[in-house]
Amino acid sequence: MAQVSITINGSQVSGSEGMTILEVAQENGIDIPTLCHKAELLPHGACRICVVEVEGSRTLVGSCHTPITQGMVIHTHSPKVLEARKVIVELLLASHPDSCLVCDQANLCELRKIAADLEIGVPRFRLRKRYYPIEDASPYIIRDLSKCVLCRRCIRACREIKKKNVLSMAYRGFNSKVVVNFDEQIDPEVCRDCDVCISFCSTGALRKVKKLGEEKTGKPLIIRG
Ligand code: SF4
Ligand code: SF4
Ligand code: FES
C-alpha cells in the first residue's frame, strides 16, 4: 500500500494510504484523547474530543475519522486544540451527575480520566443535569443513563460485534437518549448472558448485575450495584 508522508507536531512520519490521523499518531506514540472511538468499531465521529489542528483547514478536524493526505501538517496539542477539547469535556460534565466520588465505575470511566488529563476543574458552563431513573429490571444489565455521554459505543458494539440491533438513539438535542426499541426495558431473552455493550461503555452508565452465588432455591443470588 502507498505510503503517505505527514508532519505531526514538527516530526515527519508516514502511514499507509487510508489510515486516519489518529492511527498514525498512535503508531508514533502520540497520545490523542478519544471517547467515542474504539479500534474494534467503525469510526463514528460523535464526541469531537479527538480534534486536531491541520494547517490550511478552517476548522479543527476529528482525528479518528479523518484520513491522512500527503504533506498534511498536524498539531495535536496546540493551544487552540487543548481549549477546544476542554470546552467539549466541560460541556459533557455540565450535564453529568456529580457522583464520581461514589461511582463504582469511576476507575474505569474514560470521561473522568480525560477530564483529569486536561486538568479540568470547576465547570465554566451552567450546569444542566439530565436525570433518568436507573433501569434494573434486566437480570444481566443495569442502565444508569444519567451517566451516559452519548458516545454510542454500546449501540455500535451491539450492531457491529454482536450483530444485533437492540439499541438506538432517540429524541433530539439535550434529550437525546440511548433506547431499547421504543424506549422500553431491555428484553432479558434478547440480551441473555451478553455483556458486549457493557464492555464498550465509556462511563459508568452500563454495568453488570453481579451474581455472587446460588441460593438454596437454586436461583442465582443477584446483588445489584
Ligand atoms: S447485552 Fe448484548 S444484545 Fe443486549 S444490548 Fe447489549 S450488546 Fe446488545
Ligand atoms: S451507555 Fe455508555 S457506551 Fe452507550 S452511549 Fe452511553 S456512555 Fe456511551
Ligand atoms: S473520538 Fe473522534 S470524534 Fe469521538
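**View 1. Helix 4 is largely enclosed by the rest of the structure, because six of its eight residues (153-160) are buried.** Buried means under 20% relative accessible area, exposed over 50%, and partly exposed in between, with a 1.4 Å probe and protein chains only. Helices (H or I, at least four residues) and strands (E, at least two) are DSSP runs, numbered from the N terminus. This is a predicted model: local features need pLDDT of at least 70, side-chain atom pairs count only at pLDDT 80 or more, and totals for chains, interfaces and linings use all residues. Residues are numbered from 1 along each chain as its sequence is written, chains are lettered from A and ligands numbered from 1 in the order in which they are written, and side-chain values use heavy atoms, with hydrogens and water left out. The buried residues of helix 4 are Arg 153, Cys 154, Ile 155, Arg 156, Ala 157 and Cys 158. Their cover includes helix 3, strand 7 (167-170), strand 8 (177-180), helix 5 (196-200) and strand 9 (206-208).

**View 2. Cys 154 sits in helix 4.** Cys 154 has 11% relative accessibility, so it counts as buried. Leaving out residues up to four places away in sequence, Cys 154 touches Leu 167, Val 178, Cys 197 and Leu 206. Contact means heavy atoms within 4.5 Å. His 37 is 117 residues from Cys 154 in sequence, yet 11 Å from it in space, C-alpha to C-alpha.

View 3. A residue is near a molecule if one of its heavy atoms lies within 4 Å of it. Ala, Val, Leu, Ile, Met, Phe, Trp, Tyr, Cys and Pro count as nonpolar, Asp, Glu, Lys and Arg as charged, and the others, Gly among them, as polar.

**View 4. Ligand 1 is surrounded by Ile 141, Cys 158, Lys 164, Val 166, Leu 167, Cys 191, Cys 194, Val 196 and Cys 197.** This shell divides into eight nonpolar, no polar and one charged.

**View 5. Helix 2 (residues 79-94) meets helix 3 (residues 110-117).** Val 89, Leu 92 and Leu 93 of helix 2 touch Leu 111, Ile 114 and Ala 115 of helix 3. The residues of this contact are six nonpolar, no polar and no charged. The two axes come within 10 Å and cross at roughly 130°.

Conventions. Axes fitted to C-alpha atoms, helices over the stretch in contact; angles between N-to-C directions.
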